[in-house]
Amino acid sequence: MTAGRLLSAFGRFWWEFIVGDTPELAVGVALVVVAAWGLAAASVPIGAALLPVALLLLLTASVWRGRRPR
Amino acid sequence: MTATLLVGLAVFGACAVEMVEALTIVLAAGLTRGWRSALEGSAVAVLVLAAVVAALGPTLIHLVPISVLRVVVGSLLLVLGLQWLRKAILRASGHKPKHDEDAIYQREVARLSGLPRPATGRDATGFVIAFKGVLLEGTEVVMIVLTLGLSSGRLEVAALGAAAAVLVVGVVGALVARQLSEVPENALKLGVGLMLVTFGTFWAGEGVGVSWPGADLFLLGLLALYAASTWVLVTYLGRQTFRPKAMA
């Protein structure tokens, strides 16, 4: 196996591991963490509430997308 | 104390779930290709995984600042935990078929029985199938051991939790052999998903500078919040699945 193919397989593994069939979760988590960081850096005191609430909304949206259509 | 207990439980549960999946493959390989090659393949894979934890764990602790580690690790735990939780909620509410270990076992046995076997010596197919099965399922466990262990500063607790799960599932699996479908895999996945999301929220938050009221005790509050929300989602989606159609 060449180094290129090894690198490509390594990249594919991580892509599948982190993104897989739920890209909304990977992108959503990144956005939520960056938003919490921004609020904490600006000393806005809603950081502690924002993270869990935003993550619950993200989970609900992702579950809703994955449900079987009636 | 709270965090240590939760770390140990989370790693034990995660490792148990992945071990059940790996065991299905190892049992199929052992029964069709011979136990020697299947057990050797599994043992080599476990050694490789343990070596990765031993090599990466201390290195990452010394090279990467703890706040950076917590943001990266917390975010990884969140993605992984939310993926597990989503899958478990959809399965528990009937929107996704449950993982059927018996069906996977029968499929693997049928596939492996058809392949030619060497007349003497080690069976390379059995070795490789068992090795790959344990290595692939174990990679996720390594990620969880490293992320939970490093962020909490309790790598040894995480490693012990994983080792205990390997031992327990290995012994139980050897005793019940083909009744892996009896293991409440989805319930385990749901519980572990809840804990991963709880720790992910806590450490990603600490990493970006959020101060949690009550410090470590806030973990229990987060766990309760996520558990209650999961229950609401499973109940609501479950009703949606089984609601009878209106008469025309």
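**A colleague's note on chain B**

1. Let's begin with how the chain folds back on itself. Among contacts in chain B between residues at least 6 apart in sequence, 86% join residues at least 24 apart. Please keep in mind as you read that this is a predicted model.

2. Next, the overall make-up. Chain B contains 8 helices and 0 strands, and its pattern along the sequence reads α-α-α-α-α-α-α-α. Along the principal axes, the C-alpha atoms of chain B fill a box of roughly 70 × 65 × 25 Å.

3. How much of chain B is buried? Of its 248 residues, 48% count as buried.

4. Now have a look at helix α2 (residues 35-63) of chain B beside α5(B): their axes come within 8 Å and cross at roughly 25 degrees. Angles under 35 degrees count as roughly parallel, so α2(B) is roughly parallel to α5(B). The crossing of these two helices is right-handed. Sorted by class, the contact of α2(B) with α5(B) has 20 nonpolar, 7 polar and 1 charged residues.

5. Helix α5 (residues 124-152) of chain B also meets helix α7 (residues 185-208) of chain B, and here the axes come within 11 Å and cross at roughly 40 degrees. α5(B) and α7(B) are therefore oblique to each other. In this case α5(B) passes α7(B) in a left-handed crossing.

6. Which residues make the contact between α5(B) and α7(B)? On the α5(B) side you will find I144(B), L148(B), S151(B) and S152(B), and they meet L196(B), F199(B) and W203(B) of α7(B). The residues of this contact divide into 5 nonpolar, 2 polar and no charged.

7. Is L225(B) buried, partly exposed or exposed? Its relative accessibility is 36%, so L225(B) counts as partly exposed, given that buried means under 20% and exposed over 50%.

8. Finally, the surroundings of L225(B). Leaving aside residues up to four places away in sequence, L225(B) touches P52(A) and L56(A), which carry the chain letter A. L194(B) is 31 residues from L225(B) in sequence, and the two are 9.7 Å apart in space, C-alpha to C-alpha.

Note on methods:
Residues numbered from 1 in each chain as written. Chains lettered and ligands numbered in written order. Predicted model: local features only at pLDDT ≥ 70, side-chain atom pairs only at ≥ 80, totals over all residues. Heavy atoms only, no water. Axes fitted to C-alpha atoms, helices over the stretch in contact; angles between N-to-C directions. Helix = DSSP H or I, 4+ residues; strand = E, 2+ residues; numbered from the N terminus. Parallel < 35°, antiparallel > 145°, perpendicular 65-115°, else oblique. Left-handed = near helix turned anticlockwise from the far one by under 90°. Contact = heavy atoms within 4.5 Å. Nonpolar A, V, L, I, M, F, W, Y, C, P; charged D, E, K, R; others polar. Buried < 20%, exposed > 50% of the residue type's maximum accessible area, 1.4 Å probe, protein only.
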